[in-house]
Amino acid sequence: MTNNTTHPLTHWNLSIDNEQIAWLCLDKADAKVNVLSQSVLEEFETLVTTLEEEEPSGVVIHSGKPNGFVMGADINEFQKIKTSDEGYKLIRLGHSIADRLEQLACPSIAVLNGFALGGGLELALACTYRIALETDKPIIGFPEVQLGLHPGFGGTVRSVRIAGVRAAMQLMLTGKPIRPKKAYKQGLIDKIVTPQEWKQEARKMLSRRSSKRRAPLIDRILEQRPFRPLVARTLTKEITKKVKKTHYPAPFALIQLWKEHGASKGGFAAEARSFAELMVGSTSRNLVRVFFLQNRLKAQGTKTASSIKHVHVIGAGTMGGDIAAWCALKGLVVTLQDRELKYIEPALLRAQKLFAKRIRDEEARAETSKRLSADTVGNGISKADLIIEAIFEDMDAKKTLYAEVEKSMKNGAILATNTSSIQLETLRTDLQAPNNFIGLHFFNPVAQLPLVEVVRCEDTTQDTLDFAFNFVKLIGKLPLECRSSPGFVVNRILAPYMAEAMLMATEGIPLEVIDQVAENFGMPMGPIELIDTVGLDVARGVSKVLSEAFGRDVPGDIEAMVDSNQLGRKTGKGFYEWQNGKPIKKKPVAALVTQSLTDRLILPLVNEASVCLSEGIVKDGDLLDAGVIFGTGFAPFRGGPIHYARERDIHAT
């Protein structure tokens with residue numbers, strides 16, 4: 001490429017070659033990824049003015065970052081917006097820039113060399129064409145709904161114009177990114193090329209000047225005013241099954257936007273007003289808070305490359321087997337040990353189901369399966385970088401196992417326990433290197449819950465902690481450092497909440513009402529259903545440990561039900577009868593679902609979180625909030641129990 005004209009800027013670089021093609025490269029200064037910050041947009045506005053004046057033959061927008069096009073808006077700047085009017089003005093400025101790009105006299109192309117999310121995709125949609133580099137990763141999407149928002153840079157209009165209401169709404173309402181091949185079928189992408197071909201293909205595309213992609217005929221029909229209410233009603237019905245409007249207003253606002261304006265020009269201003277109002281609402285503020293909490297969890301530990309390659313898991317029950325499968329899925333060699341092969345085989349079958357669900361390519365799936373193997377003898381111990389004990393909750397059995405394991409461990413290997421409630425100090429008394437012993441407490445189901453508690457003692461070495469952090473992040477989970485204490489963080493905080501629920505049940509409050517109270521608060525499921533799902537035997541074991549530590553009674557019903565093999569979902573009967581993996585529930589009486597019941601159920605959890613914080617089990621309130629949100633599903637839109645208490649001015653009792 002010959003650079004005849006150059007316009008150096010802080011974040012952008014514009015060069016115009018001999019064919020009068022303008023190449024705009026975004027490489028945001030002092031950042032690992034491109035985001036559309038205010039300074040980036042201001043420079044882009046200047047560039048658009050230059051393009052309007054110089055009238056090139058075509059424009060190609062590409063990224064100077066090797067890891068993607070544009071991640072989206074700069075979320076850090078969201079917190080500076082105090083009123084919806086401020087937000088509206090800023091968004092309309094962004095609309096103006098995108099409109100001018102779209103209306104250039106020459107065609108424009110966005111080259112997506114990786115993720116194009118949120119505002120990044122919206123910028124690309126304002127271009128005439130879009131080229132994506134080959135990848136099987138889901139890189140194209142609108143994740144705004146996860147922040148309590150919907151697209152605000154013209155995406156609610158342009159995505160519908162190009163892909164149609166069916167595909168566009170699916171992308172916006174789920175927040176899940178899609179692969180380039182799917183985006184191509186939907187019209188969001190015009191061409192998929194190799195990294196070596198994109199410049200040549202861009203030149204060809206500019207010279208051909210093909211027609212712009214537009215929505216399929218059926219979607220253009222559905223776009224007509226008489227049909228929009230019907231489609232909107234269907235979309236609302238589907239969303240209502242998943243979330244409540246009072247908890248998560250953004251998807252409902254998005255549907256309403258389309259219902260009123262479709263993909264018309266008037267939709268832009270309406271989008272800006274709706275986005276601005278959501279932006280300053282409590283749901284979005286708290287979900288943005290959760291986003292930063294998640295990033296803080298990810299930032300724990302050293303940034304050195306991990307040397308963990310082989311993991312040995314002892315105990316092929318539900319937790320151990322699923323931990324082993326997840327580690328293999330994430331690229332590690334895993335040996336899974338139990339007393340006999342018959343105890344390991346069910347775990348291997350579950351692993352195959354996980355691999356089939358998560359890996360499309362048959363060859364890649366076969367390679368993943370090879371990484372996981374049964375090991376009844378324990379040969380993998382001597383080769384493993386990390387040994388995870390995941391046997392039943394019995395202190396003596398665990399200590400006996402550790403004595404055998406230590407004989408075979410290689411130098412530098414780490415021994416970890418997945419205990420859910422036993423203090424590490426009592427487990428490590430006979431170990432040769434007790435300060436290298438760590439807790440790695442996963443949550444069930446392993447494939448769905450993102451948190452892993454990294455449990456330490458007072459003298460746990462920093463190297464061991466960093467090893468644990470790196471391992472947890474290596475397998476795509478979120479580490480929460482916490483001090484060894486009965487129940488650690490999540491189980492300890494859940495215990496009084498679940499105990500209160502069972503006490504309410506013994507008082508005759510219908511089980512369905514108790515669960516509905518929790519769900520109305522924003523919990524993913526009610527406490528009674530949760531106990532049945534976890535298993536009453538597991539709940540009893542944790543309750544016993546915590547009752548001894550904190551002087552609480554084990555709820556009497558649990559003992560009798562466990563003795564009768566009424567363990568919940570896994571036996572088909574617990575507090576509820578279970579059919580096809582679902583509890584049989586009666587419709588709760590709405591009048592019984594009151595604020596006083598909500599406070600009675602939720603405040604014990606909030607109080608225990610405050611006590612955990614005061615005892616230093618976790619370093620600070622933000623980390624504790626993150627742990628409870630990602631470990632228990634505590635309503636994310638409320639920002640965590642400590643944040644919730646502060647907002648309500650609640651003091652622990």
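**View 1. Helices H1 and H2 at the second largest cavity.** Helix H1 (38-54) and helix H2 (84-102) each contribute at least two residues to the lining of the second largest cavity; helices are DSSP runs (H or I, at least four residues), numbered from the N terminus. On a 1 Å grid over the protein atoms alone, a cavity is a set of points where a 1.4 Å probe fits but cannot get out, and lining residues have an atom within 4 Å of a point. The lining consists of Gln 38, Leu 41, Glu 42, Leu 90, Leu 93 and Ile 97. The volume, the space filled by probe spheres set on the points, is about 30 Å³. The model is predicted: local features need pLDDT of at least 70, side-chain atom pairs count only at pLDDT 80 or more, and totals for chains, interfaces and linings use all residues. Residues are numbered from 1 along each chain as its sequence is written, and side-chain values use heavy atoms, leaving out hydrogens and water.

**View 2. The largest cavity.** About 70 Å³ of space lies in this cavity. Helix H4 (155-163), helix H5 (165-174) and helix H10 (250-261) each supply at least two lining residues, and H10 gives the most, with four. Among the lining residues are Thr 156, Met 169, Trp 258 and His 261.

**View 3. Strands E16 and E17.** Strand E16 (residues 386-389) runs parallel to strand E17 (residues 414-417), and four bridges join them; strands are DSSP runs (E, at least two residues), and two strands pair if DSSP finds at least two bridges between them. Ile 388 stands opposite Ala 416 in E17.

Note on methods. On a 1 Å grid over the protein atoms alone, a cavity is a set of points where a 1.4 Å probe fits but cannot get out, and a pocket is an open set with protein on both sides within 12 Å along at least five of seven lines; lining residues have an atom within 4 Å of a point.
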